[in-house]
Amino acid sequence: MMEWEPQIWVRAAAFFGGGLCIGLGAIGAAIGEGYTASVANESMARNPSQSNVVLKDMLVGQAVAESAAIFALVVAMILLFSSFSNPSWLTAAAIIGAALSMGFGAIGAGIGSGFPAGEACRGTVRQPAVANKLMTNMLIGAAVCQTPSIFALVVSFILLYTDFSAMPVWPAWAALVGAGLATGLAAIGSGLGGGTTAQASVEGIARRPESASSVTVVMLLGQAVVQSPAIFGLLISFILLFGTYEANSSLAPAMALLSAGLCVGFGAIGPAIGGGEVGRNGVRWVARNPGAGQVITRIMLVGMAVSQSTVIYAMVISLVLIYVV
Amino acid sequence: MAIEGADLIKAAAFLGAGISMGLGAIGPGVGEGMVAAKACEAIGKNPKEAGLLTRTMLVGQAVSESTGIYSLVIALLLLFVV
């Protein structure tokens, strides 16, 4: 097998990767949009006179949630139809890394964006007078949810359009696949967590429209902290992508680089989902009890910080895997 | 390429360390998030007890952190000891 031309491997990797990319990438948006539509139906049934506004909220929200899947579709199309010039063994690894990054990276953002969109439908029925405020807040919240998928897209494009041919195949192939996995997996939790936080913000504004500005600020604060695991994943990806590697044909150095990507990727999922739960309840109760807003915001940030600790352990182990062993 | 036994063992230890810490970090992250989420809710309902609730939250989170620390210990053992 190893005597096949790199061109063959690159084409095989591109077709396999294209399928993987849109296959994984289609999961999230479909779930998120389904959730939005289910809440839209429920809301219309409660108050059919608002059905036009609810339909608009639903479609706008679904369009935002769709964007993650569209990124994955774009990467899949690029993989299917580009002719990779000057292919090397590493091109095949970079293609698989790009597919994994965008495929996994679209899951969380797609599901997460569905939450604020659904809540906007529900809130519009509850408080038709503030439908515009709800739409604005939903769009801000959902846009922040999409950032992890944009990180994944950036890493995919770097993998696809950088010339890695100067790197030694062993162990650099593992660094490229690991870089894709790190950002892709790390994006899952941050997308979801950003969504749950945004959902509470839309809900809070629907309950108490006068709290809109403070709730939006707390939402953005919460979402920013929830994005940090995805940023750790991106950081490890960049370190892996732009590292210098000595040629070494043994297995262990390659596995260390692959493992570094897996470690921060998996490790980022939980803390981001947990942070999203904190954000949800923090934002919700800032809206319900504005008098205690400062105390709640403080405890929200402390709680998030503590739940981030395990992703920091994961990042440390990744850095040890890259630099020490 | 020829893979020697010692090389394979080291490779498995590295992969194991990454997977141990990576998967091990998921649970504590979600669990501690749930603790803090309820703490926010409780303070929203009863802001006077903020000090007590914060303390309980931190103790609860510290306990649920333990499995993450087990993973960290195993990962470090795999990397540096065994």
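Trainee: Which helices do the buried residues of α8(A) pack against?

Mentor: First, the ground rules. This is a predicted model, where local features need pLDDT of at least 70, side-chain atom pairs count only at pLDDT 80 or more, and totals for chains, interfaces and linings use all residues. Residues are numbered from 1 along each chain as its sequence is written, chains are lettered from A and ligands numbered from 1 in the order in which they are written, and side-chain values use heavy atoms, with hydrogens and water left out.

Now your helix. Helices (H or I, at least four residues) and strands (E, at least two) are DSSP runs, numbered from the N terminus. Contact means heavy atoms within 4.5 Å. In chain A, the buried residues of α8(A) pack against α6 (212–241), α7 (251–288) and α9 (309–324). In chain B, they pack against α2 (26–45) and α3 (50–80).

Trainee: What span does α8 of chain A reach?

Mentor: The expected span of a helix is 1.5 Å times one less than its number of residues. Helix α8 of chain A covers residues 293–307, 15 residues in total. From first C-alpha to last, α8 reaches 21 Å, close to the 21 Å expected.

Trainee: Which residues of α8(A) are buried?

Mentor: Learn the cut-offs. Buried means under 20% relative accessible area, exposed over 50%, and partly exposed in between (1.4 Å probe, protein chains only). The buried residues in α8(A) include A:Gly293, A:Ile296, A:Met300 and A:Ser307. Seen down the axis of α8(A), the buried residues fall within an arc of 170°, so they line one face of the helix. That arc is taken from the directions from the helix axis to the C-beta atoms. On the other side, A:Gln294 and A:Arg298 are exposed.

Trainee: Where is A:Gln50, and what does A:Gln50 touch?

Mentor: Look at the loop between α1 (6–46) and α2 (51–81) of chain A. A:Gln50 is buried there, with a relative accessible area of 17%. Leaving out residues up to four places away in sequence, A:Gln50 touches A:Thr124, A:Val125 and A:Pro128.

Trainee: Which residues does a cis peptide bond join?

Mentor: A:Trp170 and A:Pro171, with omega about 5°. A:Pro171 is found in helix α5 (residues 169–207) of chain A.

Trainee: How many disulfides does the structure hold?

Mentor: A disulfide is a covalent bond between the sulfur atoms of two cysteines. The test is a pair of cysteine sulfur atoms within 2.5 Å. Over all chains, the structure holds 0 disulfides. A:Cys21 is in none; its nearest cysteine sulfur, that of A:Cys145, is 20 Å away. At 0% relative accessibility, A:Cys21 counts as buried. The sulfur of A:Cys145 is 15 Å from the closest cysteine sulfur, in A:Cys121, too far for a bond.

Trainee: How many helices and strands has chain B?

Mentor: Chain B has 3 helices and 0 strands. Its radius of gyration is 19 Å, well over the 12 Å that the globule rule gives for 82 residues, so chain B is more spread out than a compact globule. That radius is taken over C-alpha atoms, and the rule is 2.2 Å times the number of residues to the power 0.38. Along its principal axes, the C-alpha trace of chain B spans about 65 × 20 × 10 Å.

Trainee: Which residues does B:Ile26 touch?

Mentor: B:Ile26 sits in helix α2 of chain B. B:Ile26 is partly exposed, at 23% relative accessible area. Not counting residues up to four places away in sequence, B:Ile26 touches A:Phe266, A:Ile269 and A:Gly270.
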